[in-house]
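Please keep the sequence and the model at hand while reading.

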Amino acid sequence: MKSIGDLKYWLVALALLAWLGAAQAASRPAVEATRGMVVTSQRLASEVGLAILKRGGNAVDAAVAVGYALAVVNPCCGNIGGGGFMTLRLADGRAVFINFRETAPAAASANMYLDADGNVIKSASLDGYRAVGVPGTVLGLDTALQQYGTLRRAQVMAPAIKLARAGFILTRADTDILDTSTKRLRADPQAAKIFLRADGTPLQPGDRLVQRDLAATLGAIARHGPRAFYQGAIPGAVERAARQHGGVIRAADFARYRTTQAAPLACSYRGYVFLSAPPPSSGGATLCEILNILEGYDLAALGYHSSAAVHFMAEAMRHAYLDRNTWLGDPAFVDNPLERLLSKPYAAAIRAQIGMDKATPSSALDAALQPRERVETTHYAIVDRAGNAVSTTYTINGRFGAAVMAPGTGFLLNNEMDDFTLKPGVPNLFGLVQGARNAIAPGKRPLSSMAPTIVMRDNKPWLVLGSPGGSRIISIVLQVALNVIDYGMPLQEAVDAPRIHQQWLPDQVYYETRGLSPDTLNSLRGMGYTMVEQTPWGAAESIQVGAGVDDVDEFASSGNDAALSGQARGGWYYGASDARQPAGQALGY
């Protein structure tokens, strides 16, 4: 007979498994629509995007309207003081990647965050004006609108201007985000005046957040276009504040800023084509390298979150993140060996190094494969009735960026300089240990993990997905796609499902709270993995275009007719907003 201790262990384990099963056995059905779908991280921004679609705008019009709206209603992460990427798959067959990533100011240098002894100065790349890169969002959104949209700038910006000028009522989901950064916001007089009560205490649910300076800035952009942001009073105000507080960004840096356009990076996985972000994002390349490696394993047969499936995912991530940190950088400054990294033979060579039941220490991998060298982002997805699909991820890097706001401008500035390699071998905000290819240089764009992605099926957009999450963006996008493709999950369940993450260094596998069963954890630890439980991360915002009733596998019925939902109808749109971001919402019509 088993001991009392053994019995208690199994009772606890069974209770945990029962709870986990109840939590993950079913998700609410994704939002269903036939003419258009908008999924964002804040409900009011979703309403703005849907209204644009209903008035006849296309997905690009809605994406630009949402980008500006999120700058008002999601101030931690939506922005005009940061930058990002947009992946488009247009109804006429064109695929476009718009790069509006921030750039380093002209006075930036590789050693600007090191002290006299060559050590990284704590928080210098995170807080204040010295952490700020040149913002790209305004020119990026306007480029998309002018070249691929159909409505006038004033039309798509009007909702954001109204939300800023009249304000909006905060919910608990909104104030929870503000509460995370009260101390940092209080330290900047301009930010404190907007995001705290008059007595300095945090805003509460039911308070109205009014942003008059931001409304004025947005109004100037609506009337005069990007030149209102990149020339004149606005960059002048930023330069004056930066000079006063030790920053190096100048008005001339704004005037020099340019966006770029290219074809999205493309790769295949089990017959699906992934369109994602090329450098200066590492997102698409790292995602595709992981997919190429995993294509050689039958994940469906191994089972969702089995120890074997987690093992192969973790090893694929380990190899791909090492390549990310070693080889990738701004293509204007370095050659990115994408042809080699994304080749199927290269993936096969990596698979040959992966053991069947043993973890590979990251230190051993580094030695064997020489030479090699935050979380607060926002993503949104939009599809219109014509089939235009837009996947956009943009950021001010850390939550509320550098937490500084030049007087009179109304927008928070990014702390994107932390995404550069401050010193080879030293981790950044997200724990990434990067190489010299991502060193700071004037005009250079820092390497990013953002991965706005569109998955094609039968040459038509099938999944539109992306996420915030810093270095975890890549693994989040990966797992949402795997959950649908390999495990047959309906979209909302695929988004809700718990995740794992491995990024080479630190040599740990992270898993979300209660995301792995005790016996799976024991098995993985026995293989040599260091397993670290963390609270849920990221907030994937995704759309699926139903290709038919075969989109979701049939499972044995319990006979309970109260649980009949989830199969995707051919040609219908399905929107899934991540429960990890309660302020978000999927809306369609």
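Axes are lines fitted to C-alpha atoms, for helices over the stretch in contact, and angles run from 0 to 180 degrees between N-to-C directions. Helices (H or I, at least four residues) and strands (E, at least two) are DSSP runs, numbered from the N terminus. The model is predicted: local features need pLDDT of at least 70, side-chain atom pairs count only at pLDDT 80 or more, and totals for chains, interfaces and linings use all residues. Residues are numbered from 1 along each chain as its sequence is written, and side-chain values use heavy atoms, with hydrogens and water left out.

**Overall form**

The protein has 21 helices and 19 strands. Its C-alpha atoms fill a box of roughly 75 × 60 × 50 Å along the principal axes.

**Packing on helix 19**

Helix 19 (residues 473-485) packs with helix 13 (residues 283-294), and its axis also crosses that of helix 15 (residues 307-327).

| Helix pair | Angle | Axis distance |
|---|---|---|
| Helix 13 and helix 19 | about 45 degrees | 9 Å |
| Helix 15 and helix 19 | roughly 140 degrees | within 12 Å |

The angle makes helix 15 oblique to helix 19 (under 35 degrees counts as roughly parallel, over 145 as roughly antiparallel, 65 to 115 as roughly perpendicular and the rest as oblique). Their crossing is right-handed, meaning that the near helix is turned clockwise from the far one by less than a right angle. M313, M317 and Y321 of helix 15 contact I474, S475, L478, Q479 and L482 of helix 19, where contact means heavy atoms within 4.5 Å. These residues comprise six nonpolar, two polar and no charged (Ala, Val, Leu, Ile, Met, Phe, Trp, Tyr, Cys and Pro count as nonpolar, Asp, Glu, Lys and Arg as charged, and the others, Gly among them, as polar).

Helix 13 passes helix 19 in a right-handed crossing. On helix 13, G283, T286, L287, I290, L291 and L294 meet I474, V477, L478 and L482 of helix 19. This contact has eight nonpolar residues, two polar and no charged.

Strand 15 (residues 509-512) pairs with strand 16 in the parallel sense over four bridges. Y510 stands opposite V532 in strand 16.

Note on methods:
Two strands pair if DSSP finds at least two bridges between them.
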